[in-house]
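Here are some notes to go with the structure you are about to open. Take them one at a time, with the viewer beside you.

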Amino acid sequence: MVLLETSHLTKRFGGLVALRDVDLVVQERAIHSVIGPNGAGKTTLFNCITGFLVPDAGDIRFSGTSITGLRPDLVARLGIARTYQNIRLFRHLSVLDNVLIGLHPHINYSLLDAILRTPRYRRAERAAEREARELLAFVGLAGKEFFTAANLPYGDQRRLEIARALALRPKLLLLDEPTAGMNPHETEEMIRLIRRLRDERGITILLIEHDMKVVMNISDVVTVLDFGEKIAEGTPEEVRRDPRVIEAYLGRGAASGLGPSTLPLPGEA
Amino acid sequence: MIVRAARRAIFIGLVAGIAAWHLSLVGLIPAFAQRRLVGDTLTFSYALLIALLALAAFATGRRYPGAAQRIPWGILSALVSSLMLFLLALLVTHLNLRQILLNATPELARVLTFGGGASGAGLVRLLLIGLLAGLFAGGLSALPRPWGRVIVSAALMTLLLGLLRDVLGPLLPQVVTSFLYGTAGLSLAGAVVTFLLAAVLFTLRWSLRANAVTARATAAVPATVRQPVIQALLLLILASVPLWAGLFLSNVADFVGFYILMGLGLNLVLGFAGLLDLGYVAFFAVGAYTMAVLTSPEVGQRFTLDFWVALPIAVVTTVLAGLLVGLPVLRMRGDYLAIATLGFGEIVRLLVLSDWLKPYLGGAQGVTRIARPSIASWRIDSPQEFYLLVLISCLFAWFLSVRLRDSRLGRSWFAIREDEHVAQAMGINRVTVKLSAFAIGASFGGLSGALFASLVGSVVPASFSLLVSINVVALLVLGGMGSLPGVVVGALALVGLPELLREFQEYRLLVYGIVLIAMMLFRPAGLLPERIHRRELEEAVEEAREIAPAEIATGRG
């Protein structure tokens, strides 16, 4: 089953073509990586999918319906959540409030209920809090509910960002470099967490990642972008051997047999 | 080392001296020379000058670890400042500067030298006071942790009590007043007793706070019982104000109430949703003018409505005005939003001032004969009676603020304030959330304006100047953005206090500037900063789990 599909997606910034005719198919319950050198258009792709950028041409379909040009909050309500390359938490709020804000679309009571603290308000708030605590426990932040988000250690901030995204109850989760800046141990834990997202919660993952070890380790499918164009797609093994990918990463000479024949993993080359 | 330290001490002394020059030449210091605080000698001017000298000494000394360095360098700074004062005294005595500087009078020289004049006697007197101030400040900072603070707080309390003689005197029992106060300001004995009492109180408070953690755990009365009792007591005191406060104080309390209402309203917009609205006065004006037009027989269609009918209409009109302001500025943030809203504030003022709308809004003369409320046969007429109405409105606004803060909408405001982009990615509709902040925030301002119009009985465009907006923003900054108690403290300090200290009026903006800069430097979060509030529903469960600051790691862990 196809969950997300882009066809001929194009986005220009003035003269620069950030995305050109990108066709991407993300299968349900897949872990799908997008890689590519800096400036390849990966984050632009995310911004188009989440509605923050309106593509110049092409179509984006989610669960079969077009979401091209839809307002970001409506995209989010359809079940697409995201995290950011440079962590963007609500820094001055508590850890719990961060997640509760993510639950926003799923809390139902009127303003009057809130002002009068009706049973409906109490029920909804209590349920929301229970769910938020459960999500925090899921990512390993139980007991830190009332810390200020900005005071969490770096790795925990990444986890909190994921918990907040989960609060939207997404079908598709876009992760923008979830292991950036992490040490090997933290990276291991993040990989495990991403797997659990898919296996235990059935969430489809689309992730941007620079750490090849992570990409090769967890991806079902890898899509490679270079200068806004899709240059390769396939299983991690296929992509590693693709001459165009090697060229994009290592330069022209590498693909003509002078260099390594597969994309090196860190610590290998 | 020594040269460096000496240079620093002299520099700070010079800076304090220049500050004193400024305050003197703009007239602040001479204006307060008549205000006696304690006995017959200590005037407000002297207190200010001594405070400046002590501040210079303190600022110099705080760099050093021990009293052995703090005190001598502090004294040096204070002495340099004293010399600056003497220099100014010499200048104003021997040169005629009055053509340019109106306040450079011989009288100023007398004030600057603490009565000694620009002569040898004055110099000796100044240097002696500089020495004492330096010694005092250096010694204070060398005292162990709470004592310096206790002494300074007690001294400030004493001075404040002296300042408020004319207000407090008539309120206190005759015996207390005649003991406490002399012909002007506190009597000497009164000052000593006040100081000691205040010192004891501050010490108590400090030791209570130091033991707060253990006290909470062992308190005989749980918080769920204690809090409502405290709230009820507070309410009783607030409600009893008209009984013991005279006409003047009640009037001041009413105005403080108007600003608390506006502060609570702007707090929703600025404190919660982070939207800097510099034209908040517009809503105050809309509320006031709606009340005026609907109830006064002078303008418009010459029909009049009852106060109680006009009040909700005024509030609804302001809500509409809030939406009107909110819609075009939805996409703006920060500076741009501030400037756009500033424009709206001015537009409203110019509209009510215009000849074009004069038949409806009264033009420059404004509108008079605005209705007062009455309940059955009781006409709410005096400021004392009106106070109750203001109090109820403030309590209502406070109540709404709390309920909204703890709701889904409140969290959406916080999210927009923290990061608008991410808030949208969390499914928050930026348009409705921002507009609701503008609309609800505006309604408090409108309520305030409507009450104001009714109490004063007339509205004129001059009452709705930019200064009102600035006042409201300033009281939020002073109290702490997003903090509800902060609004009350801010309004009391920025609106109540200046009303009580009439001499301040002329220097109000100068004092505002100083206060705001000091706040930004030393307490950027405000006097009563908003903390992460625990959720009330779960409070009982969480009470055991206090967050130990040591556990909170910062940055990359």
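Which residue follows H1(A), and is its phi positive or negative? Keep that in mind; point 5 comes back to it.

1. Before anything else, remember that this is a predicted model. Start with chain A as a whole: it has eleven helices and ten strands. Its C-alpha atoms fill a box of roughly 75 × 40 × 35 Å along the principal axes. For 269 residues, a compact globule would have a radius of gyration near 18 Å, and the 20 Å of chain A agrees with that.

2. Now for how the chain is packed. Of the 269 residues in chain A, 46% count as buried. If you take the contacts in chain A with a separation of 6 or more, 64% of them are between residues 24 or more positions apart.

3. Next, find the open sheet of four strands in chain A, with the order E2-E1-E4-E5 and antiparallel pairing. Which strands stand at the edges? They are E2 (16-27) and E5 (65-66) of chain A; each has a single partner strand, so one side of each is left without a neighbour in the sheet. As a reminder, strands of a sheet pair through backbone hydrogen bonds, either parallel or antiparallel.

4. Follow the sheet through E4(A). Strand E1 (residues 2-13) and strand E4 (residues 57-62) of chain A pair in the antiparallel sense over five bridges.

5. H1(A) is mostly covered, with seven of its eight residues buried. Among those buried are A:Leu45, A:Phe46 and A:Ile49, but also A:Lys42. The residue you were asked about is A:Gly51, which follows H1(A) and has a positive phi near 95°.

6. Step back to the domains. Chain A is divided into domain 1 (1-79 + 170-269) and domain 2 (90-169), and 28 Å separate their centres, taken over C-alpha atoms. Eleven residues from domain 1 and nine from domain 2 of chain A take part in the contact. On the domain 1 side, H2 and helix H7 (184-201) of chain A each supply at least two residues, and H7(A) gives the most, with three. By class, that side of domain 1 has seven nonpolar, two polar and two charged residues.

7. Last, look at the partner chain. How many residues of chain A are in contact with chain B? There are 35, and they meet 31 residues of chain B. In chain A, H2 (72-78), H3 (95-102), H4 (111-116), H5 (119-139) and H6 (154-166) each supply at least two residues of the side that touches chain B. The classes on that side of chain A are 16 nonpolar, eight polar and eleven charged residues.

How values were computed:
Residues are numbered from 1 along each chain as its sequence is written. Chains are lettered from A and ligands numbered from 1 in the order in which they are written. This is a predicted model: local features need pLDDT of at least 70, side-chain atom pairs count only at pLDDT 80 or more; totals for chains, interfaces and linings use all residues. Two residues are in contact if their C-beta atoms, placed from the backbone, lie within 7 Å. Ala, Val, Leu, Ile, Met, Phe, Trp, Tyr, Cys and Pro count as nonpolar, Asp, Glu, Lys and Arg as charged, and the others, Gly among them, as polar. The radius of gyration is taken over C-alpha atoms; the globule rule is 2.2 Å times the number of residues to the power 0.38. A residue is buried if 20 or more other C-beta atoms lie within 10 Å of its own, exposed if 12 or fewer, and partly exposed in between; C-beta atoms are placed from the backbone. Two strands pair if DSSP finds at least two bridges between them. Domain bounds come from an automatic or database domain assignment.
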